[in-house]
Amino acid sequence: RAASEVLVPSRWLKESLAQSLELPEGGLHVVGHGLCEELDISGLELPLTEELSTARALSKGDSTEREGPLTVLHFGNRAKIKGALDLVRAAAKLPKGSVRLILLGKELEAGFDEELRRAAGGQELHLHGQYAPEELARFAREADLAAFPSLARESYGLVVDEALALGLPALVSDAGALPERLASAGHGGRFPGRVLPQGDLEAWAECLRGLVTERGLLQDARAVLPDWLPTAAHTARELERRYTAITAVDERRVS
């Protein structure tokens, strides 16, 4: 209540705080995190080299339809709360060999990776540890889409922005601000992905099954991938503008 402004990264968190802390909505303002570097992803077709910066590595991937199993990429910390186990279990409900799973990130719970391997059934599963931006771009080029079935009340969902920047449609759970990130990238009533209920293995399995049998759905999602996404540089300029405005008001009060 004492703050001149309270800044939050998403509308979902704004509404949650206004309700749980009984703060007036007028004092809460949304300023998203944004990608970590300036990034124009329209028409970038750059070879991946070790010298590429984060922004250059995060370019639209190859949209050519791939043969073989549906390849699903999940990245970020690897834990139950992030829905990694739900994703593997949902994929395991499909016919053997129809889905290939790539999971990147740090294993946060001892023995969790082994649990994932047991749950994979007949599906191909690749587990990798922490990754650099250029490695993420390389794995994205192998994937058809990204999936984030998080069970957490996500305050933003930067991984969704990153997936879209990499040219991957995204499946997200309805947890926290994840649907907001996907909706913000849509246009014309169409979205580069789909929102599914958190923890509902049947719903996730049915969605994956549809993508396996009808690859045209992926092409439809790729067709509405955004050509621009907010960056941390844009966030910095907005924060500077707000700070300047606040200090100007405070100086008038002092004088």
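What share of the contacts in the protein with a separation of 6 or more comes from residues 24 or more positions apart? The share is 72%, with contact meaning heavy atoms within 4.5 Å.

This is a predicted model, in which local features need pLDDT of at least 70, side-chain atom pairs count only at pLDDT 80 or more, and totals for chains, interfaces and linings use all residues. Residues are numbered from 1 along each chain as its sequence is written, and side-chain values use heavy atoms, without hydrogens and water.

**Figure 1. The whole protein.** The secondary structure comes to 10 helices and eight strands. Helices (H or I, at least four residues) and strands (E, at least two) are DSSP runs, numbered from the N terminus. The protein has 255 residues, and 45% of them count as buried. Buried means under 20% relative accessible area, exposed over 50%, and partly exposed in between (1.4 Å probe, protein chains only). The accessible surface comes to about 12600 Å². Carbon and sulfur atoms hold 50% of that surface.

**Figure 2. Arg1 and its contacts.** Arg1 lies in the segment before strand S1 (6-8). Its relative accessibility is 77%, so Arg1 counts as exposed. Leaving aside neighbours within four places in sequence, Arg1 is in contact with Leu21, Glu22 and Leu23. Arg1 and Leu21 are 20 residues apart along the chain, and their C-alpha atoms are separated by 9.5 Å.

**Figure 3. Helix H3 against helix H4.** The axes of H3 (residues 84-92) and H4 (residues 112-119) come within 9 Å and cross at roughly 15°. Axes are lines fitted to C-alpha atoms, for helices over the stretch in contact, and angles run from 0 to 180 degrees between N-to-C directions. H3 and H4 are therefore roughly parallel to each other. Angles under 35 degrees count as roughly parallel, over 145 as roughly antiparallel, 65 to 115 as roughly perpendicular and the rest as oblique. From H3, Ala84, Leu85, Val88, Arg89 and Ala92 meet Phe112, Glu115, Leu116 and Ala119 of H4. The residues of this contact of H3 with H4 divide into seven nonpolar, no polar and two charged. Ala, Val, Leu, Ile, Met, Phe, Trp, Tyr, Cys and Pro count as nonpolar, Asp, Glu, Lys and Arg as charged, and the others, Gly among them, as polar.

**Figure 4. Helix H3 against helix H8.** H3 and H8 (residues 201-213) pack at an angle of about 60°, with their axes 8 Å apart. H3 and H8 are therefore oblique to each other. Asp86, Arg89, Ala90 and Ala91 of H3 make the contact with Leu201, Trp204, Ala205 and Leu208 of H8. By class, this contact of H3 with H8 has six nonpolar, no polar and two charged residues.

Note on methods. Accessible areas come from the Shrake-Rupley method with a 1.4 Å probe; for residues, only the protein chains shown count as cover.
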